[in-house]
Amino acid sequence: MEKNLVYTGKTKNVYALDNGNYLLKFKDDCTGKDGVFDPGENSVGLTIEGVGDVNLRMSVYFFEKINAAGIKTHYVSADLGQTTMEVLPAKVFGKGLEVICRNRAVGSFIRRYGEYIEPGTVLPSYVETTFKNDEKGDPLVTRDGLIVLGVMTGEQYDAIKEMTQQITKIVADDLAAKGLELYDIKFEFGYDKDGGVMLIDEIASGNMRVYKDGEYIDPMTLSKLFFA
């Protein structure tokens, strides 16, 4: 099948296929700073051999599970030998939107609301949305804001929120079976030509904050524990 490079990303390259779908090529490049891995950084800081492989394997594992649960994703198939994943075409919301689901109060949630809540407090699968904008620090945006700005409809937001909570439960339950607790996780959604919402991008250890016995597990260690 013919493929044409359409986008070079920090951790993945995107190719257009002649069947109308796209091919994601996972790379060993990681975001970080001064040679230290940090999923929150906005630039490639280091290369870790095999990280593309484990990110793809975890994504395939969860995408197949989510598809089987009847929740729509862009996942079609994967070639682990080539570290590639075939996906359906999807448009992103606005110029890029991140959806975070929080089961405990940590990270930026505590930085914003620490005067109201103790770190580590259990949250009811709290969903928030932020625009992907490095210069502005990924600003928060509400449901009403997304509608007023023309980024999505209220129905699309409600679908995203429900799907986010369903997917988070699938991931959290899987991790819990391995003695791990999911504190929060970050997703991206897109929509098809009919406006139908679907989960896109990847579901990898670098997109989630996971703890074991109250101790934070870094993404590379998490990947190893997950596939042990």
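**View 1. Surface and overall build of the predicted model.** The protein's accessible surface comes to about 11,800 Å² (Shrake-Rupley method, 1.4 Å probe), and carbon and sulfur atoms own 49% of that. This is a predicted model, where local features need pLDDT of at least 70, side-chain atom pairs count only at pLDDT 80 or more, and totals for chains, interfaces and linings use all residues. Residues are numbered from 1 along each chain as its sequence is written, and side-chain values use heavy atoms, with hydrogens and water left out. Of the 228 residues, 45% are buried (under 20% relative accessible area, 1.4 Å probe, protein chains only).

**View 2. Helix H1, residues 51-68.** Helices here are DSSP runs of H or I, at least four residues, numbered from the N terminus. H1 has 18 residues and reaches 26 Å from first C-alpha to last, close to the 26 Å expected at 1.5 Å a residue (that is, 1.5 Å times one less than the number of residues). Its buried residues include Val-54, Leu-56, Met-58, Phe-62, Phe-63 and Ile-66. Just after H1, Gly-70 takes a positive phi of about 85 degrees.

**View 3. Helix H5, residues 219-226.** Here Pro-219, Met-220, Leu-222, Ser-223 and Phe-226 are buried. Looking down the axis of H5, these buried residues fall within an arc of 160 degrees, so they line one face of the helix (the arc uses directions from the helix axis to the C-beta atoms). At the start of H5, a side-chain oxygen of Asp-218 comes to within 3.1 Å of the backbone nitrogen of Met-220.

Methods: Buried < 20%, exposed > 50% of the residue type's maximum accessible area, 1.4 Å probe, protein only. Helix = DSSP H or I, 4+ residues; strand = E, 2+ residues; numbered from the N terminus. Polar contact = N/O pair within 3.5 Å; in protein donor to acceptor, adjacent residues only side chain to side chain.
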